[in-house]
Amino acid sequence: MNRPRVDLASDTKTRPTAAMRHAMLQAEVGDEQAFEDPTVNALCERVAALLGKEAAVFLPSGTMANAIAYRLHCRPGDAILCDRTAHGIDSEAGAPAALGGAMIIGLNGERGVFTAAQLEAAIGAPTRHDPRRRLVVVENTSNMGGGTVWRPAAIASVAEVARAHRMALHLDGARLMNAAVASGTSAAAFCAPFDSCWIDFSKGLGAPVGAALAGSRDFVDEAWRVKQQLGGAMRQAGVLAAACLWALDHHVDRLAEDHANAAALAAGLAAVPGIALNPLTVETNLVFFDLEAGAVTAAGFCALLLERGVRMGAMSDTRVRAVTHLDVDRGGIERAIAAATDVLGQPQSSSSSPSAATTRRTTW
Ligand SMILES: *Cc1c(COP(=O)(O)O)cnc(C)c1O
């Protein structure tokens with residue numbers, strides 16, 4: 001498929017900038033799994049400091065960071081408690097069960113944020129019939145919740161319940177830097193209550209590959225063993241780490257632009273007839289909205305947008321997601337609003353059957 005002019009399908013769609021590629025070209029490299037790659041080593045130290053932990057390990061993906069956490073925190077038969085929209089439930093090909101031996105208990109949070117009371121209720125009084133409640137996972141920002149930022153007080157109260165039940169805490173920080181930039185709370189402050197946490201470089205930070213998982217020195221030593229098992233140990237990975245370091249230096253503060261663009265997109269779309277969207281729910285770079293009954297389906301809407309050079313993602317029959325990022329500027333936002341207005345202003349035609357590319361959720 002040709003690249004749409006305005007690709008709001010995901011913040012994974014960014015391409016490395018010329019300056020980032022230049023940094024990759026210049027990278028000093030070595031054998032990363034022998035700790036001989038100076039660029040990877042520098043990145044790990046940088047991330048450990050950023051997240052306020054003793055150590056960090058560089059990984060090919062956030063999915064592997066979560067898998068390692070499931071493996072290290074859980075034993076077969078244990079339960080992971082997280083929001084029912086969590087990435088681990090439907091986007092990791094069953095990794096919590098396959099690699100962590102764990103089952104998931106999904107909590108019915110509000111826009112991806114569950115409460116201490118909900119957690120407490122789901123833990124209940126342990127009996128020998130229950131799976132052992134072992135791990136609480138928080139996703140900040142919440143992806144399918146709509147880019148919601150977990151407030152530090154909400155995290156603190158959830159962590160207090162988890163600790164009281166001797167559970168471990170893991171932070172899925174695929175978009176943690178969005179949360180930090182949007183709220184002014186530092187990444188380290190967000191991570192403080194967690195045993196393990198990670199950030200992704202291939203989402204809003206705009207690197208082609210990479211995530212880094214942080215925790216205590218002991219945790220990271222054990223994480224290395226699982227990284228080795230999963231085939232995640234690399235060699236001259238400094239070329240990738242250089243892109244990630246570049247992203248930390250140049251692509252964090254600018255996330256505010258993505259948030260402003262998301263707010264502008266939300267304001268514009270909210271005015272389009274047939275779109276149900278409360279712009280106040282847009283806190284970061286994710287914009288979710290619903291198509292009102294009688295309007296086109298989400299998949300049909302996305303197919304019609306694509307014909308106009310704009311890509312968004314259909315999340316259900318009625319729900320659409322648009323994600324702002326480095327490769328979409330304000331002109332792109334205006335083009336997207338104009339395309340949506342054009343689509344919903346037109347009489348609906350039955351010939352607009354959606355293509356497979358827009359009906360299948362692929363990456364986020
Ligand atoms: C994308 C994402 C992941 C997985 O990260 P990858 O680097 O794509 O493997 C995990 N959790 C959330 C919330 C995500 O959005």
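The structure is a predicted model, in which local features need pLDDT of at least 70, side-chain atom pairs count only at pLDDT 80 or more, and totals for chains, interfaces and linings use all residues. Residues are numbered from 1 along each chain as its sequence is written, and side-chain values use heavy atoms, with hydrogens and water left out.

The protein contains 15 helices and 13 strands. Both are DSSP runs numbered from the N terminus: helices are H or I with at least four residues, and strands are E with at least two. The radius of gyration is 21 Å, which agrees with the value near 21 Å that a compact globule of 364 residues would have. This radius is taken over C-alpha atoms, and the globule rule is 2.2 Å times the number of residues to the power 0.38. Along the principal axes, the C-alpha atoms fill a box of roughly 60 × 55 × 35 Å.

Of the 364 residues, 55% count as buried. The accessible surface of the protein is about 15100 Å², and carbon and sulfur atoms account for 52% of this area. Accessible areas come from the Shrake-Rupley method with a 1.4 Å probe, and for residues only the protein chains shown count as cover. Contacts are heavy atoms within 4.5 Å. Among contacts between residues at least 6 apart in sequence, 75% join residues at least 24 apart. The protein has 33 positive and 37 negative charges, and their mean positions are 4 Å apart. Lys and Arg count as positive and Asp and Glu as negative, while His and the chain ends are not counted. Each charge is placed at NZ of Lys, CZ of Arg, CG of Asp or CD of Glu.

The peptide bond that joins Asn140 and Thr141 is cis, with omega about 0°. Thr141 belongs to the loop between strand 5 (133-139) and helix 7 (152-164). Thr141 is buried, because its relative accessible area is 3%. When residues up to four places away in sequence are not counted, Thr141 touches Gly147, Thr148, Val149, Arg175, Leu176, Asn178, Ala179 and Thr284.

Positive phi values occur at Ala93, where phi is near 55°, and at Arg111, where phi is about 50°. Ala93 is located in the loop between helix 4 (87-90) and helix 5 (95-100), and Ala93 is exposed, with a relative accessible area of 82%. Arg111 is placed in the loop between strand 4 (103-107) and helix 6 (116-123). With a relative accessible area of 27%, Arg111 is partly exposed.

Met177 is part of helix 8 (residues 176-183) and is buried, at 7% relative accessible area. Apart from neighbours within four places in sequence, Met177 is in contact with Leu50, Ala187, Ile199, Leu205, Val252 and Leu255. One of these residues, Ala187, is 10 residues from Met177 along the chain, and their C-alpha atoms are separated by 6.7 Å.

Gly204 sits in the loop between strand 7 (196-200) and strand 8 (211-215). Gly204 counts as buried, at 5% relative accessibility. Gly204 and Gly331 are separated by 127 residues in sequence, and the distance from C-alpha to C-alpha is 19 Å.

Asp329 is found in the loop between strand 13 (319-323) and helix 14 (330-345). Asp329 is exposed, with a relative accessible area of 51%. Between the C-alpha atoms of Asp329 and Ala179, which are 150 residues apart along the chain, the separation is 20 Å.

Notes:
Buried < 20%, exposed > 50% of the residue type's maximum accessible area, 1.4 Å probe, protein only.
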